[in-house]
Amino acid sequence: MVVSGRTYTNAIYSATNYGGVVKVSSNGYYGTGSLLYDGSAILTAAHLFTDTTSPTNVRFELSDGSIQNISASSVLIHPDYDTNNDNNDLAIVFLNNHAPNEVDRYDIYRATDELTQNFTAVGYGVPGTGNVGEDQTVTEVERLKSTNTYDTLGDELKDALGSIMAWDPLKKSVLVADFDDGSQAHDALGNLVNIKNTGTGITEGLISPGDSGGPAFIDGKVAGVASYASSLSSYNSSPDVDNMINSSFGEVGFWQRASFYEEWVDKSLRENYTNAPTSREEVVFQVEENAGVVYFLLELLNPPSDRHNKSYSVEYSTRDGSAIAGEDYVATSGTLKLYEDETYAVIPVTIIDDHRYENDEVFYLDVTNPTGATFLSGVTTLNASRTILNDDFFS
């Protein structure tokens, strides 16, 4: 991550509290990724993988300073990944084991109002400062964060610049932000396409090599996935401070737009769930403490015969009963969406096996805010519960 300050070692850029942002390594390359809401998959960039059969390692940095490495069981590249134009530059890394219980899981930012919003980018990219770009002398990279603002979409920028951009971003799929130092001279999009914004100040930054696949958060959700940066100029304007592609002031960053890909992400995860129920009859209400994962199933009753381009969504959140989040299960919340070819979907919750004797314990899932459909008359919240059966004995 290249940042605005005089030194990237300033504590304002430290990202120690982003445990769900990980370093992804494969076939001699590395990038960044984010742990998705199911706790067993990492969202990252497709271009990190020259060969999906090569061993892939995911590195988690825990709050106590320790490191936990988990290998991948498989890597899924977006089926329409386009190397010529860097379109659909997304991959999902499925882990051999569930992620550490303590690290954050992240949902997708599903609204389409990203433009003009500030975001926080986190990653393991080569550090540096905006006036000189990447510091190539650094051998040990740390996880850093910075802020920026999404100014436009990749295809709209292409429409405005024409042949100045040698590639064609897929329509509505790429978010764009430039790297500002507070001056009009280096406001790239202000000078090139009259989208004027001189930045977020000292916390502003831009992606650099190693940040690829890293998340850009809006409201704590993954709104963008870091893809690439570029130096753009026209006959009348050259906003880059040094006219080199090195993530310096005046350059432009491009992120794959998570809201555009929410269906691919959701369905890819669902297809990889193990022993998930497919009907109400298969739902298990009592689970052993060592079960690993328990599933809640949401089903659409009496769906309309014509669901063309029709989807439904709800908000969900776990709630303590006698079972306590962080001790007995991993708290989770987010949005569950049923797409036009789906009548049900499941919500996974990780169970924590603490190897000590306890009474059987219960926790709950609350489902609210239906969109596109309704609950039964007078119902505002759906509730479900699971009982965790003790599997330990007195010593």
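In what follows, Ala, Val, Leu, Ile, Met, Phe, Trp, Tyr, Cys and Pro count as nonpolar, Asp, Glu, Lys and Arg count as charged, and the others, Gly among them, count as polar. Please also keep in mind that what we have here is a predicted model.

Let me start with the second largest pocket, which has a volume of about 580 Å³, and whose 31 lining residues include His 98, Ala 291, Gly 292, Val 293 and Tyr 295 as the closest to its centre. Sorted by class, the lining of this pocket divides into 16 nonpolar, 11 polar and 4 charged residues. The strands β7, β19 and β22 each supply at least two residues of that lining, and β19 gives the most, with 3 residues.

The largest pocket has a volume of about 790 Å³, and of its 28 lining residues Leu 298, Glu 299, Leu 301, Phe 375 and Leu 382 lie nearest its centre. Its lining has 20 nonpolar, 4 polar and 4 charged residues.

Now let me turn to helix α1, which spans residues 154-161 and whose buried residues are Gly 154, Asp 155, Leu 157, Lys 158 and Leu 161. Why are these residues on the same side of α1? They cover an arc of only 160° around the axis, and therefore they share one side of the helix, whereas Asp 159 and Ala 160, on the other side, are exposed. The cover over the buried residues includes β12, β13, α2 and β17. After α1 comes Gly 162, which has a positive phi, near 65°.

Notes:
Residues numbered from 1 in each chain as written. Predicted model: local features only at pLDDT ≥ 70, side-chain atom pairs only at ≥ 80, totals over all residues. Heavy atoms only, no water. 1 Å grid on protein atoms, 1.4 Å probe; cavity = no way out; pocket = protein on both sides within 12 Å on 5 of 7 lines; lining within 4 Å. Points joined across faces, edges and corners; volume = space filled by probe spheres on them. Helix = DSSP H or I, 4+ residues; strand = E, 2+ residues; numbered from the N terminus. Buried < 20%, exposed > 50% of the residue type's maximum accessible area, 1.4 Å probe, protein only. Arc of directions from axis to C-beta. Contact = heavy atoms within 4.5 Å.
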